[in-house]
Amino acid sequence: MYSRLATILGSLAIASLVSAVPVEKRDIYFGNRGGHSQNWGSSASVSAPATASGGGAPSQTYGGQPPSGSSAGGSSDGSTSIFKFPTSDGFPDIQNPSDALTAIEQAAHGLLPNGPPPPSAPAADDLTSLRLIAFNELFEVAYFTELLFNVTHNVAGYEYQDQGERQNIIDAITAVIAQEKEHLLNANGALAHFNAGPIEPCVYQSPVSDLKSAISVARTFTDVVLGTLGDVQTHFGQNGDVGLIRGVAAVIGQEGEQNGFYRSLLGLIPSAAPFLTASTREFAFSALNQAFVVPGSCPNANTIDLPIFGALSPNPQFLDPKDQDVTFSFSATGDYSKYAQSYKSLSLVFINQQNVPVVATINSASIDQSGTVTISAKFPFSQFLMNGLTIAAVVDGSGPFNSITDVVAATKFGPGLIEVN
Ligand SMILES: *[C@@H]1O[C@H](CO)[C@@H](O)[C@H](O)[C@H]1NC(C)=O
């Protein structure tokens with residue numbers, strides 16, 4: 001076991017992924033597409049299902065076969081690898097105990113926690129957290145299953161020349177999928193135990209079509225999850241549900257290990273910053289819905305008592321480590337049309353690491369004919385050493401904001417997700 005792990009880790013040369021993927025040698029850059037929902041480059045994803053389905057509504061016309069387990073999927077040109085639950089092992093409907101669970105545990109290198117749940121039901125607010133965790137883990141299983149499918153099927157953009165490196169990423173992602181499945185089963189199991197669930201899967205879209213972008217997106221949403229689980233723990237503590245904290249801590253570290261791997265693949269040092277960036281449940285739920293969930297495809301996400309903010313798109317998203325101007329856009333239409341008049345009264349806030357939120361200095365703000373508001377703001381990298389994830393939010397009022405909680409209470413559009421290094 002140890003020697004096998006050593007082989008996997010030892011051969012993950014920093015530059016291996018970069019050299020394996022036939023993309024331009026610049027940072028992944030999803031911006032400059034206008035409109036909204038670009039947080040993870042999702043404006044590209046809007047076209048992916050349409051391509052697969054000949055232009056119909058994505059939620060109705062997913063024709064691709066599921067890239068799950070042994071079932072084949074994807075077209076010969078690799079353009080339709082659209083994931084759908086259940087996976088070939090029946091996930092997420094896995095009984096405990098069952099042969100299917102045993103197989104997941106083998107692949108995950110460990111058991112689903114087998115101790116008793118807390119004796120009394122968690123606070124309603126903490127059930128919300130468990131539902132959000134389940135909602136996120138279902139997406140992660142979908143994403144990494146599709147990613148593994150793309151690599152194992154040598155889909156265009158996911159081809160490796162070095163077969164050893166290819167096998168390394170297959171082994172790593174295979175374990176991650178099973179581990180994320182256990183995270184889901186743990187959260188949904190707790191919800192079921194307290195007659196409060198389970199959360200059912202949606203249909204998802206991925207805003208990527210090459211390996212480097214896929215890893216970049218994985219790294220970014222994992223950063224959001226890492227920050228959000230700290231928020232979940234804070235709620236557990238505030239609500240007196242201390243029995244749930246240790247298990248979430250075990251997942252935070254686990255996701256951090258994953259992220260070090262993704263970062264290494266991207267040629268970055270494994271640990272981004274001394275203190276990872278705080279997020280909140282509201283930002284995570286908003287980001288997942290804005291970027292990955294096919295609208296209207298979730299059977300019971302409405303039981304998750306969290307808001308979905310308007311989408312906020314930074315451009316560029318992946319920044320060099322220096323002071324610079326960044327453009328943010330959001331759509332002041334529909335539910336948000338009142339901001340077409342009052343957008344100049346809104347502020348832009350940056351959250352990075354565990355520091356006090358920064359109200360940005362705005363250079364300019366304007367609105368175009370389609371109702372898209374564009375803000376140019378200074379990104380004060382050098383003053384605050386803003387490495388890693390920065391969460392941007394467009395908020396009511398001008399602050400100052402003492403904490404991320406204060407920012408969330410005032411947020412209208414967000415999170416805009418920026419990564420440096
Ligand atoms: C897998 O490849 C397909 C086809 O390029 C793409 O549409 C999809 O977004 C990819 N998924 C992931 C997670 O990389």
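Trainee: How far apart should the end C-alpha atoms of helix 6 be, at 1.5 Å a residue?

Mentor: This is a predicted model, where local features need pLDDT of at least 70 and side-chain atom pairs count only at pLDDT 80 or more, while totals for chains, interfaces and linings use all residues. Residues are numbered from 1 along each chain as its sequence is written. Helices here are DSSP runs of H or I, at least four residues, numbered from the N terminus, and the expected span is 1.5 Å times one less than the number of residues. Helix 6 has 29 residues, so its expected span agrees with the distance between its end C-alpha atoms: 42 Å.

Trainee: How many residues of helix 6 are buried?

Mentor: Buried means 20 or more other C-beta atoms, placed from the backbone, within 10 Å of the residue's own. Helix 6 is mostly covered, and of its 29 residues the buried ones number 25.

Trainee: What does tyrosine 204 touch, leaving out residues up to four places away in sequence?

Mentor: Contact means C-beta atoms, placed from the backbone, within 7 Å. By that cut-off, tyrosine 204 touches Phe83, Phe139, Ala142, Tyr143, Phe292, Val293 and Val294.

Trainee: Which residue just after helix 6 takes a positive phi?

Mentor: The phi there is about 50°, and the residue is asparagine 154.

Technical notes. Contact = placed C-beta atoms within 7 Å. Helix = DSSP H or I, 4+ residues; strand = E, 2+ residues; numbered from the N terminus. Buried ≥ 20, exposed ≤ 12 C-beta atoms within 10 Å, placed from the backbone.
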